[in-house]
Amino acid sequence: MTDLNSIYAAEIADKPKFPPPTGNLYCEIAVIGGGFTGMIAALTLAENGHDVALVEADVIGSGGSGRNGGHVCQGWPNDFHHISRQLPADEAQLIWDAGMRAVDLLRQRVQRHKIDCDLRFGYLHAALHGRQMQELLAMRNEWQAKGYDHLTALDNRDSLAGHIGTNAYVGALHDANSGHIQPLKYLYGLARAASAAGARIYEHAGVTALDATPNTARHSASNKGTGNKGTGTKALSLANGQKITAKFVLLCGNAYLQNIGTRKMTSRLAPVTSSVLATTPLSDNLISHILPHRAAVADCNTALNYYRIDADSRMIFGGRASYTNVSLGNVERDLKQRMVDVFPELGESETAAVWSGRIGITVNRIPHFGTAGDGVFFVQGFSGHGVALTGLAGTILANHIMGQSRLFSILSKLCHLPFPGGFLQTPALALGMSWYKMRDYLRL
Ligand SMILES: Cc1cc2nc3c(=O)[nH]c(=O)nc-3n(C[C@H](O)[C@H](O)[C@H](O)COP(=O)(O)OP(=O)(O)OC[C@H]3O[C@@H](n4cnc5c(N)ncnc54)[C@H](O)[C@@H]3O)c2cc1C
């Protein structure tokens, strides 16, 4: 089995394993990608009686879903005005409400499928200086006005001190309805539930080509209650030459999508590398000083630090986004320095593991929903905010195929700007992000 290279994989003895396909596949819906998005779409469709095959190029969890920081964050990833200014008020309200259900959906899935994944609530958005605190207070006011009542401002060092032992921040916003999770345990639980519901799951089954030209003469798959009928079947090719014939296709590869993204998709997604360090278990005494309630924390910088104490008392510390193709250099040393800058007490801590992964970002940080051919739908670009939102997105894709929701149609109307193209993409992105990093550094 491929080494997932995160500490999450190493601690799970009983990993679910799925075979590669042994011949050509016929299904009503082919889901490409075994992360949260694809798995939740497959689970939802299978629970509703649809014939689903999920194909994963590597192993389940080899993309972002098996290697992320485990932060479960409420709502949409950036200022909601990026969405609301593009939509009529009633549609914007529908989208806002959907975003605010993302964490509840995750919690319900964990309970319904009895997934043991260390879900814990409590979240701090931490401000490094006055402007960031003002922005957090504005966010609190906006969210409260829309009915979200889980936020508490910790706007001075005294109120902050009960939640976190550091001088790094001037204040924070506490969110009682966001938290953290062991992401790979969650994904494996979803995979078991999807398989039990009848979804066929295949590993080592990379799709190398997709022909989305409608072909009504090909095998006609079952069509149980699908509200959004494609006009024919699609042909997918696997690396070993096998074929998949499906009426619908869901592209759920996000920043790891190989071979088959359309120009519209690839031009609007930038893969950014982020890295995570896990310490060996910390003492209860130390944890009671630095994070007594074991809340997850993210600061407000563009290249942010995000961290939490996991169920095994390890500090899981992420950050160090790289927007260029240059080597990450000494990731461990850099992450450790960032961690010690926040908590000097961790200077003597030992590192248990360091790993990296690709985050798919969009220009406005809002996920990009769309259609990539007749009966072929995609979502991508969770912009580092996908643990809860992918669950909502996978459900939206599934409901769109079943004709049960307007959300996909509304979200796919949103305009997403392309990143500067061709060979300029990486330098231009790095230059743009350098400005924001400099602004954070200067605390403007
Ligand atoms: C280091 C890191 C830290 C992060 N921390 C957080 C966090 O704390 N909180 C948060 O909310 N989000 C976080 N994220 C983002 C989050 O992990 C992602 O938004 C989320 O996992 C995306 O899920 P997905 O299912 O869309 O894609 P993925 O989990 O990336 O899954 C896509 C899958 O598709 C497969 N695939 C691609 N192409 C093909 C093909 N042609 N054929 C078959 N299979 C294919 C890939 O192998 C992959 O397994 C982090 C991401 C990283 C990398």
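# Chatting through a predicted model

Q: Hi! Among contacts in the protein between residues at least 6 apart in sequence, what share join residues at least 24 apart?
A: That share is 76%, where a contact means two C-beta atoms, placed from the backbone, within 7 Å. Bear in mind that this is a predicted model: local features need pLDDT of at least 70, side-chain atom pairs count only at pLDDT 80 or more, and totals for chains, interfaces and linings use all residues. Residues are numbered from 1 along each chain as its sequence is written.

Q: Good to know. How many helices and strands are there in the protein?
A: The protein has 14 helices and 17 strands. These are DSSP runs numbered from the N terminus: H or I of at least four residues for helices, E of at least two for strands.

Q: And how much of the protein is buried?
A: Of the 444 residues, 47% are buried. Buried means 20 or more other C-beta atoms within 10 Å of the residue's own, exposed means 12 or fewer, and partly exposed is in between, with C-beta atoms placed from the backbone.

Q: Let's zoom in on α8. Which residues of α8 are buried?
A: They are Pro183, Leu184, Lys185, Tyr186, Leu187, Tyr188, Leu190, Ala191, Ala193 and Ala194. Ten of the 14 residues of α8 are buried, so the helix is largely enclosed by the rest of the structure.

Q: What covers the buried residues of α8?
A: The cover includes α1 (7-10), α2, α5, β7 (200-202) and α12.

Q: New topic: the ligand. How many residues surround the ligand, and which are the closest?
A: There are 45 residues around the ligand, the closest being Gly35, Gly63, Gly69, Gly357 and Gly386. A residue is near a molecule if its C-beta atom, placed from the backbone, lies within 6 Å of it. Elements giving two or more residues to this shell are α2 (36-47), β11 (270-279), β15 (351-361) and α12 (386-401).

Q: Where does the ligand lie relative to domain 1 and domain 2?
A: Domain 1 (1-119 + 181-269 + 363-413) and domain 2 (138-176 + 270-361 + 432-444) both give residues to the shell, so the ligand lies between them. The domain bounds come from an automatic or database domain assignment.
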